[in-house]
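Let's walk through a protein together, one question at a time. Keep the picture open as you read.

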Amino acid sequence: MASIANVRAFQAVRGYSTASSVKIPLVLHGIEGRYATALYTSAAKKSALDAVDADLKQVKRVVEKDDKLREFLENPTINRIEKKKGVQQMLSAGKYNELTKNFFDTLAENGRLYDTVKIINSYGSLMSAGRGEVQVTITSAKPLENKDVEKVKGYLQKSSFVDAKQTLIVSNKVNPAILGGLVVEFGDKTIDLSVSSKVNKLNHLLTEAI
């Protein structure tokens, strides 16, 4: 049986995404993915993708800078009517697209305002995919020099994993736990060349041999 949250997410998607002709550039999963996709579809239908994107980036900046506002959005004890009033007050302080305002009203009514940042990030992923961009995360034990990042980027660009028309947006994430080597993540793919992965495989082989 579908949960209440899933039902509400479905209703939001059904309410916003009424244009079957809209091409979705990326399949997203989870509740935040469904809401983001619904908003993207509606914004595309109204030729307001960039306007809504700018609105969401501004909302994210405000939420990240204002601890009280973030606590307000994430607090499950505040009833939905109060949250709707609060988010309407927040949006009234700027010139936001009507679609953006209506969408946040829907989030408030469905009790999903605590997912605000996740939904905004998911919408950003859709926009990025629509521009032909591929987000690449290179995890290393220590920060990589720019030349090393560019070298990995070059290898990927020439590989069969990436279309020639796509643009790679690369970021370097540091995680000492991998010990050494690299873990490269892009789309739904992961290339694990870390020392920790090799050690784990060796341990597994040794355990099986005993």
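pLDDT is the predictor's confidence in each residue, from 0 to 100. You'll want that, since this is a predicted model.

Q: What does the pLDDT of the protein average?
A: Start with the share of residues that score at least 70, which is 90%. Taken over the protein, the average pLDDT is 88.

Q: Do strand 1 and strand 2 run parallel or antiparallel?
A: Strand 1 covers residues 133-140 and strand 2 covers residues 167-174, with eight bridges joining them. In one of those pairings, Thr139 has Lys173 as its partner. On the way from strand 1 to strand 2 the chain goes through helix 8 (residues 146-158), a right-handed β-α-β crossover. The two strands run parallel.

Q: Which residue in strand 3 stands opposite Thr137?
A: Strand 3 (residues 181-186) pairs with strand 1 through five bridges, in the antiparallel sense. Opposite Thr137 you'll find Glu185.

Q: How many residues of the contact of helix 3 with helix 7 are nonpolar?
A: These helices pack with axes 10 Å apart, at about 145 degrees. Among the residues that meet are Leu56 and Val59 from helix 3, and Ile120 and Met127 from helix 7. Besides two polar and three charged residues, the nonpolar count is nine.

Notes
Residues are numbered from 1 along each chain as its sequence is written. This is a predicted model: local features need pLDDT of at least 70, side-chain atom pairs count only at pLDDT 80 or more; totals for chains, interfaces and linings use all residues. Side-chain values use heavy atoms; hydrogens and water are left out. Two strands pair if DSSP finds at least two bridges between them. Helices (H or I, at least four residues) and strands (E, at least two) are DSSP runs, numbered from the N terminus. A crossover is right-handed if, with the strands pointing away from the viewer, the path from the first strand over the helix to the second runs clockwise. Axes are lines fitted to C-alpha atoms, for helices over the stretch in contact, and angles run from 0 to 180 degrees between N-to-C directions. Contact means heavy atoms within 4.5 Å. Ala, Val, Leu, Ile, Met, Phe, Trp, Tyr, Cys and Pro count as nonpolar, Asp, Glu, Lys and Arg as charged, and the others, Gly among them, as polar.
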